[in-house]
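Here is a short report on one protein model. Look over the sequence and the structure first, then read on.

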Amino acid sequence: MANATATGAASNEILMLEAPPQGPSWPGPLTNAEIIDALPYIDEDYYSSAAVKNEVDLMVEEELRRSSKKPADFLKDLPPLAKPDFKNNPVLAREYDRVRASKPPVILDFSRDKAEMPKRSDEAAWRQALQKAQCYSQHNVIRLENLELMDKYGPDAWIKYNNVLQSLLSRLQKLTHERSQMIGTVNRERKEHQQNTAYELNALHAQWKELSLKNIEIQAACATLENCIDELKKEAAERGWDFRPTENGLLNSE
């Protein structure tokens, strides 16, 4: 009966299998904010059950809201950009400052190139008009020379430039193909690992369920024993029996 009492006292403890404690106190290299336990290749409830999908989406939103790392913080992991140096090019420096200040570009003034007949009979005005006409004529001569050079050397220059672009495109396509293969390899390995682990997870889940049911049965049996002990104690008290253990460990039934 003393053993039954001890068993009844022990039944006050929780016999269910408990989950690991939450918070940073749980031993391990990762905290709750960094643990990722998603198994998308074997978790079919997310796609088959709308209720589960909504619950998971709410959990993701809650985790994003509680996360200490915001999307803008991911840029902090990248090396800082090199600061531009325009010491040897004041024109670029002025243009850089203008763009940073969000100022409109300076409009080019073509009025000096317009050759117009002066309205007054002033020698200085006529000389200035003649100078503008000469500048305009020289500008047209240079344009014609540029057109001739473009017609002579332009096709070959564009072919070479297209070849450079084609080689650059081929290189980028090769890198893209290599990265796609690496991503595909990682996804295949992840899928294979999760599918192989699914059997172990299902077996452990079934074992956990079986042990949980056994613990519930044990807890119910302990509660039944406690009730029986309480009834026996009550009956013994009504009859005046004393079942307290003596010094030699035997029960006193006087």
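Tryptophan 158 counts as exposed, at 51% relative accessibility. Tyrosine 161 is partly exposed, at 44%.

This is a predicted model: local features need pLDDT of at least 70, side-chain atom pairs count only at pLDDT 80 or more, and totals for chains, interfaces and linings use all residues. Residues are numbered from 1 along each chain as its sequence is written, and side-chain values use heavy atoms, with hydrogens and water left out.

**Aromatic pairs**

The structure holds 2 aromatic pairs. Rings of Phe, Tyr and Trp (its six-membered ring) pair if their centres lie within 6.5 Å; planes under 30 degrees apart count as stacked, over 60 as edge-to-face and the rest as tilted.

| Pair | Centres apart | Plane angle | Kind |
|---|---|---|---|
| Phenylalanine 86 and tyrosine 96 | 5.2 Å | 45 degrees | tilted |
| Tryptophan 158 and tyrosine 161 | 5.9 Å | 80 degrees | edge-to-face |

The pair of phenylalanine 86 and tyrosine 96 links distant parts of the chain, 10 residues apart. Phenylalanine 86 sits in the loop between α3 (50-66) and α4, and tyrosine 96 in helix α4. Helices are DSSP runs (H or I, at least four residues), numbered from the N terminus. Phenylalanine 86 is partly exposed, at 24% relative accessible area. Tyrosine 96 is also partly exposed, at 32%.

Tryptophan 158 and tyrosine 161 both lie in helix α5. They are 3 residues apart, about one turn of the helix.

**A nonpolar surface patch**

Tryptophan 158 and tyrosine 161 also belong to a nonpolar patch on the surface, along with Met150, Leu165, Leu168, Leu172 and Leu175. Together these residues have about 700 Å² of accessible area. Patch members have over 30% relative accessible area and no salt bridge, and nonpolar side chains are joined within 5 Å. A salt bridge is a side-chain nitrogen of Lys or Arg within 4 Å of a carboxyl oxygen of Asp or Glu. Leucine 172 is found in helix α5 (residues 123-239). Leucine 172 is partly exposed, at 45%.

**Arginine 98**

Arginine 98 lies in helix α4 (residues 90-100). Arginine 98 is buried, with a relative accessible area of 16%. Leaving aside neighbours within four places in sequence, arginine 98 is in contact (heavy atoms within 4.5 Å) with Lys103, Pro104 and Pro105.

**Cysteines**

Cysteine 135 is partly exposed, at 42%, whereas cysteine 222 is buried, at 9%.

Note on methods:
Patches are made of residues with over 30% relative accessible area and no salt bridge: like charges are joined within 9 Å, nonpolar side chains (Val, Leu, Ile, Met, Phe, Trp, Tyr) within 5 Å. Accessible areas come from the Shrake-Rupley method with a 1.4 Å probe; for residues, only the protein chains shown count as cover. Helices (H or I, at least four residues) and strands (E, at least two) are DSSP runs, numbered from the N terminus. Buried means under 20% relative accessible area, exposed over 50%, partly exposed in between (1.4 Å probe, protein chains only).
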